[in-house]
Structure formats: C-alpha cells, structure tokens
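Please keep the sequence and the model at hand while reading.

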Amino acid sequence: MTADLSFFDQVNQNFDRAAALTAHPPGLLEQIKSVNSVIHFTFPLIRDDGSLKVIHAWRAEHSHHKLPTKGGIRYAANVTEDEVMALAALMTYKCAIVNVPFGGAKGGVRISAHEYSVGELERITRRFTFELNKKNFIGPGLDVPAPDFATSGREMAWIADTYMTLNPHDIDALGCVTAKPVGQGGIRGRIEATGRGVYFGLREACTIVEDMRALGLNPGLEGKTVVVQGLGNVGYHAAKFMQENGGAVIVGIVEYEGSISKPSGIDIESLMAHRRETGSILGFPGARDLPNRDDGLEIECDILIPAALENAITMDNAPRIKAKIIAEAANGPISSDASQHLFQRGVLILPDAFINAGGVTVSYFEWLKNLQHVRFGRMEKRFVESSSRMLLSAIESSTNRIFSDLEIAEIAKGPGEIDLVNSGLEETMIEAYHEIREIKKTRGEDVDLRTASMITAIDKVAVSYRELGVFP
Ligand code: NAD
C-alpha cells in the first residue's frame, strides 16, 4: 500500500512515474530529486509560566538550481523532517510549473500554535529566524520563507524585522520573506493569492468543453456543486471566489470540528460569521451536521477542494469520493495510490504543484517589488490614465460617440498594484494549465495531469542544470 509510504516517498513516487517518461540521464534525475540541504535544530523557549521548552525546527532547501529557494514555514505539532523535505520538493516542481525562478524550500516548527501565547509565538519566530540567519538559510538571494499552516503575515513581519536587525546593511533585506503585511513591504493581493489561484485554475479547466463533456459536465463554473475541506486562508478564499466570482454552489464544508452539508448552498461569509460567533461550523442554520468529521469529503458534488493538510484522501476513503474534479489546494492531500485509483475512475485531479501555486506566484511579485523598491503601477498609473483619456476623446471627436463619466472612469483606469498582481496571477495560472494539459495530451490517455505537470517541472529543472554546466 503506497499510503504506508512516507510523504517524501510519495512525492518521489510521483517523480519517478514522470521521470520514466523523460529521456534525461539517471544521474541528472537523481540530482533533481535530491534534497540539496536540510537542517534540524533545537532551541530553548522560556514559556510565560517560567518553564523551559525545547523547540524542534527544520528547514529544507530542496533545489539550488535557481536561487533564492522559496517555501513556507508551518507550525504543526506533528511536523517531521520527511514532511518538510517532501514539501520543499513540491515547491521546486511548483515554481518550475508556473515559471517562477526559484528553487524549492520548506520550513517547519514542531509546535501546536494555539497552545502558545502571542508573546511566545513571537519569541519562537524571532529565534527561528536568528538560527536560519546564523546558518545561512535565509536571505533575499538565498532562501525566502512565506506562510504555511498556522503562520501568517504577522509571523512574516517578525521574520523580516529580525532579519533586518541582523543585516542592517542589506538594502534588499525586506526581500528575505514574503507575504508580509502591506505596510511592512508586502504586496496587495498576497493574502488571498493561493485561493484566487485555485479559482483561476478551476475556472480555466472548466472552460474546456471536451474535458467537461468527458466528465459529463457542462462547461463553466456557474452552478457547479463544490465541497471544501479546511476553511483557513486557502480554503476560505477558494470558496469565496468560487461562490462570488464563479457562481458555484458550496454544498459542503469539512473542518477540524466536523462536516456540514446543505444542497441549496452555504453562504461562505455567513458561515465564517457563524464560526466566529460559536467557534464551530456545526449548527449552521439550514445545514445538516454529518455524523463523522470526514463524511463531507464523500458528499455528491462536482468539485472537491481539499485545502487542509496532506493525506486527506487515501485508499481508505477514495473509493467513496463522488466528486468529478478534485483541486488539490492543500499540498499532498491525496496519497499516491488513491490518486491513481481516482484517475482510473476518470476523476480529473488538478495537482497541488499547479493549482495551489498562486501563493508563490504572488510572493514572487512581492520579492520583485522589494528588490525594485517601488510599488507596481506607481510609475505608469497616471500616464496610462491620461493617454487612455486622450484616446477616448479622439474616438469621441471622430465618431460622435460620447462616453459617460462611468465608461471613461472604467476604460481609462490606470492599473494599480492590486490590478497588476491579479492580472499577473490570472495569466500565470491560465498559461501553466494549458502547458501541462498539452503535455498530457501528447503523452496519451495513461498520463494524468499530475504526471504531466511533473514532466514539465523535470524538463525545466533539467534545462537549468544543463545551463549551469552541471550536466553536459
Ligand atoms: P490555515 O492554517 O490557514 O488553514 C488550515 C485549515 O484547515 C484550518 O481552518 C484548520 O482548522 C483546517 N483543518 C485542520 N485540520 C483539519 C482536518 N483534519 N479536517 C478539516 N480541516 C482541518 O492553512 P493554509 O495556509 O490555508 O494552508 C492549507 C493548506 O494549503 C496546507 O496544505 C498548505 O501547505 C497549503 N498551501 C498554502 C498556501 C498559502 O499561501 N497559505 C500556499 C500553497 C499551499
């Protein structure tokens, strides 16, 4: 049973499946697959009650074929070195798939974040950054963390502040971490970027008539039924955009505390308000609480979006999954064997390394902004506005068509940072989807999108290594 394989073994199994379909020499494939550096360190934390706790932390840099390396930091009670290596490897492949010029990395701190006070979390985060700095595992040209499970802009601001304190002469120091709050060198649109990317990827996949026909579905997102697992940053935003922009109907939610279903549709904002008030998604008016936590994954629906943690779907529940499309918003939510089983049943799986790449894409934009020391749109916004107004007025005088103030405001709007970020993200997701779909088409029926995306990633990383002169 491949579900018994470790997470890293499963990522490598997917790699091997794809690698076998390439013509790269074994040594080069071995180099691409290997984790270039991994550190495990411990440090003491004096807790608020005066006791001492030893904290275990990891950072894996999977591939130095491009620098900096990039990847989130997760705070979780069960984080392991294997998991961090697996996630770092996924980051390498993800960056290659969406043409973001970074190697992959990932960090983990073994704590259950909700058991620590804000002050304790700040001390842990700053000390973690200090250790990374001491070991050359952080820096705008070396390794650039971001948030992941149980970390957010708050932790990123602490990391940036600690790094800048330790490197006062580094003019690019703000680029040492991404997903910072906007006032601390962050970029507009980063918080919701992964969820928005999931929406763009799904929307694109659902526009392709022949693929939808093969699934027995109509093209488009409008009216499609959706179940989301995990209403955190990624899951909440994915659900929100699917509902508000795509017109999809959210028929089920799976959270830590349980599952709910409501075939007529769950209003996500109302559910979030209910959860804030009661501390749970259960008991939401009009919805049914399901007997077991994971039952929601098995609800009849068109699209399932697992957006919590890895291995949500294994051979234990895969045969009962009814969704026709699964968008892997989380990293590694489907075990390798369950993925093969679902593929053979005709389920369209949009793999994690593609579908959740919106976060790293916008992180790349943030890093560029930090290095450029200028906000996107600042130089051209007014120029674009005035030249568009001149063009409109030339059209008015040559056609006698008079534009309303509203039309002028809409057409002649110079792009601000958020417009450029969202449009760059949209373009990235659309382009990447067609790239991996084309590879799948050329490789035939037996190749799923995961294998196709891995082939794309391997080919691109192989080109980098060859360009570096590492391989002939
Ligand atoms: P988060 O901490 O904001 O949210 C995770 C959510 O999952 C929480 O609401 C939590 O209560 C819920 N959850 C935990 N255990 C669960 C369980 N057993 N069943 C159902 N729900 C459960 O984390 P996030 O940033 O949204 O990340 C979620 C996943 O997406 C992770 O796999 C992460 O690696 C991946 N990811 C995140 C980003 C990003 O930009 N944040 C980018 C790419 C991938």
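This is a predicted model: local features need pLDDT of at least 70, side-chain atom pairs count only at pLDDT 80 or more; totals for chains, interfaces and linings use all residues.

Ala 150 is placed in the loop that runs between β5 (143-147) and α5 (153-166), and its phi is near 70 degrees, a positive value in a residue other than glycine. Most residues other than glycine have a negative phi, and most peptide bonds are trans.

Asn 99 is another residue with a positive phi, about 55 degrees, although it is not a glycine. Asn 99 belongs to the loop between α3 and β4 (103-109), and it counts as partly exposed because its relative accessibility is 41%. A further point of backbone geometry concerns a peptide bond: the one leading from Leu 67 to Pro 68 is cis, with omega near 5 degrees. Pro 68 is found in the loop between β2 (52-61) and β3 (69-75).

| Residue or bond | Backbone value |
|---|---|
| Ala 150 | phi near 70 degrees |
| Leu 67 to Pro 68 | omega near 5 degrees, cis |

Two residues in helices come next. Is Thr 125, with a relative accessibility of 0%, buried or exposed? Thr 125 counts as buried because 0% falls under the 20% cut-off. Thr 125 has its place in helix α4 (residues 118-134), and, if neighbours within four places in sequence are left aside, it is in contact with Tyr 75, Glu 155, Trp 158 and Ile 159. With one of these residues, Tyr 75, the contact is also polar, side chain to side chain, at 2.8 Å.

Met 85 lies in helix α3 and is likewise buried, because its relative accessible area is 16%. Leaving aside neighbours within four places in sequence, Met 85 is in contact with Phe 8, Val 35, Val 38 and Ala 60. Met 85 and Trp 58 are separated by 27 residues in sequence, while their C-alpha atoms are 9.2 Å apart in space.

At the level of the whole chain, the domain assignment gives domain 1 (37-184) and domain 2 (193-355). The C-alpha centres of domain 1 and domain 2 lie 28 Å apart, and the contact between them draws on 9 residues from domain 1 and 8 residues from domain 2. Between them the two domains bury about 720 Å², of which 59% is on carbon and sulfur atoms. On the side of domain 1, Leu 90, Lys 94 and Phe 149 together supply 51% of the area buried against domain 2, which is more than any other three residues supply.

How many salt bridges does the rule find across the interface of domain 1 and domain 2? The rule finds 1 salt bridge there. The side chains of Glu 310 and Arg 74 meet in a salt bridge, with a distance of 3.2 Å from N to O. For polar contacts, the count between domain 1 and domain 2 is 2 residue pairs, both residues at pLDDT 80 or more. Helix α3 (residues 81-97) gives the most to the side of domain 1 that touches domain 2, namely 5 residues. By residue class, that side of domain 1 divides into 4 nonpolar, no polar and 5 charged residues.

Key: Residues are numbered from 1 along each chain as its sequence is written. Side-chain values use heavy atoms; hydrogens and water are left out. Domain bounds come from an automatic or database domain assignment. Contact means heavy atoms within 4.5 Å. Buried area is the accessible area (1.4 Å probe) that two parts lose on being put together, summed over both. A salt bridge is a side-chain nitrogen of Lys or Arg within 4 Å of a carboxyl oxygen of Asp or Glu. A polar contact is a pair of N or O atoms within 3.5 Å; within protein, one must be able to donate a hydrogen and the other to accept it, and residues adjacent in sequence count only if both atoms are side-chain atoms. Helices (H or I, at least four residues) and strands (E, at least two) are DSSP runs, numbered from the N terminus. Ala, Val, Leu, Ile, Met, Phe, Trp, Tyr, Cys and Pro count as nonpolar, Asp, Glu, Lys and Arg as charged, and the others, Gly among them, as polar. Buried means under 20% relative accessible area, exposed over 50%, partly exposed in between (1.4 Å probe, protein chains only).
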